[in-house]
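Hello,

Here is the structure I promised to pass on to you. Have a look at it first, and then read on for what turned up.

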Amino acid sequence: MLDLNEIQREHDRIKSSTEGNNEYLQKFVELPEGNGHVTMRFLQPAKPGTFNVEKPPFYQGTRLHRVNGKSVHCPRKLQGNRWFGDCPICAWYSHLWKESEGKSPEEAKTLQAQARALKPIERYYYNVLVRQQLNKKTGEIEKNVGPKIYSCGKTIHDMVLRAILGDEQLQEKPLGDITDTKNGRDLKLNKVMKKSGTENYPTYNESKFLDPTPLGTADEVAKWLANLNDLTALRTVKPLDEIKRELKIHLGLIPSDTNNDLSEFQRKPEVLAENTRPTAKIEIAEPVEETTSDES
């Protein structure tokens with residue numbers, strides 16, 4: 001016979017684990033899977049001293065490396081329009097590009113593909129209010145949901161900044177403070193899927209800021225601004241030793257779990273040497289400034 005008590009405990013465990021993950025994901029703005037739109041209002045930064053931060057930011061920027069199935073925050077910091085500092089992954093990324101110079105087309109293609117796999121991608125996080133969304137559990141339309149975290153790439157980030165400041169070259173007038181609680185503006189983010197070869201990718205060129213409107217009633221505004229998300233907590237940089245370890249795992253120099261004997265799965269030394277080049281450069285490569293671009 002089935003042990004129903006044991007099955008119930010396992011069911012509760014799975015449900016609890018799943019709900020915990022969903023609860024975290026529900027903090028973020030969910031974009032439509034295909035074509036569609038989301039209307040949101042960017043919110044003012046938190047008051048000074050909130051989250052133990054002297055000046056909470058309007059947005060939080062970071063760069064992410066995708067290694068070993070996880071996102072690793074780049075420890076480099078933005079100075080002006082460039083990123084500086086020590087980052088083993090960025091150093092190896094630059095090393096691979098330099099190594100590709102002067103190689104045969106096939107060798108260069110291989111090295112550049114290895115570099116692209118480590119490319120740092122910029123992400124930006126904002127506090128926003130979603131004007132309308134579908135509750136998938138109840139099937140009901142919810143209004144003014146949030147504050148939520150909106151995560152975007154450089155394209156949308158630039159669109160937001162350009163709307164605030166304007167752009168003379170594009171003949172776009174500045175909209176000013178889009179977060180103003182009385183005369184701010186909502187962004188209607190229009191997502192349109194395009195096809196290039198066999199790949200589909202999203203575009204947001206048809207997005208636009210709407211006419212000025214109040215954020216909400218005085219009580220609503222006070223509630224929303226009192227419950228902003230801590231954007232600075234979203235950028236968690238690991239110690240350099242841990243980042244180096246992630247890179248070595250990615251390159252196949254060490255197993256992902258050093259507590260187990262996985263030697264039978266490790267590549268031969270001559271294969272490692274051919275695929276990774278001299279390993280010493282992982283430790284001593286000089287950090288160089290990089291500029292990168294990404295899609296939203």
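The largest cavity holds about 80 Å³ of space. The model is a predicted one, and a search of the whole structure finds one cavity of 30 Å³ or more. If you want to find the spot on your screen, go to P56, P57, N127, N229 and L231, which lie nearest the centre of the largest cavity among the 15 residues that line it. By type, that lining divides into 10 nonpolar residues, four polar and one charged.

Next, the helix α2, which covers residues 88-100. From its first C-alpha to its last, α2 reaches 18 Å with its 13 residues, close to the 18 Å expected at 1.5 Å a residue. How many of the residues of α2 are buried? The count is 10 of the 13, so α2 is largely enclosed by the rest of the structure. Among these buried residues are W92, Y93 and H95, as well as S100. Just after α2 comes G102, with a positive phi of about 80°.

Finally, strand β1, residues 36-42, is also worth a look: five of its seven residues are buried, which leaves the strand mostly covered. β1 has two partners to show you:

- Strand β8 (residues 184-196) pairs with β1 in the antiparallel sense over six bridges, and here V38 stands opposite L189.
- Strand β6 (residues 121-134) also runs antiparallel to β1, joined by three bridges, with M40 opposite V130.

Enjoy exploring!

Best wishes

Terms used: Residues are numbered from 1 along each chain as its sequence is written. This is a predicted model: local features need pLDDT of at least 70, side-chain atom pairs count only at pLDDT 80 or more; totals for chains, interfaces and linings use all residues. Side-chain values use heavy atoms; hydrogens and water are left out. On a 1 Å grid over the protein atoms alone, a cavity is a set of points where a 1.4 Å probe fits but cannot get out, and a pocket is an open set with protein on both sides within 12 Å along at least five of seven lines; lining residues have an atom within 4 Å of a point. Grid points are joined across faces, edges and corners, and a volume is the space filled by probe spheres set on the points. Ala, Val, Leu, Ile, Met, Phe, Trp, Tyr, Cys and Pro count as nonpolar, Asp, Glu, Lys and Arg as charged, and the others, Gly among them, as polar. Helices (H or I, at least four residues) and strands (E, at least two) are DSSP runs, numbered from the N terminus. The expected span of a helix is 1.5 Å times one less than its number of residues. Buried means under 20% relative accessible area, exposed over 50%, partly exposed in between (1.4 Å probe, protein chains only). Two strands pair if DSSP finds at least two bridges between them.
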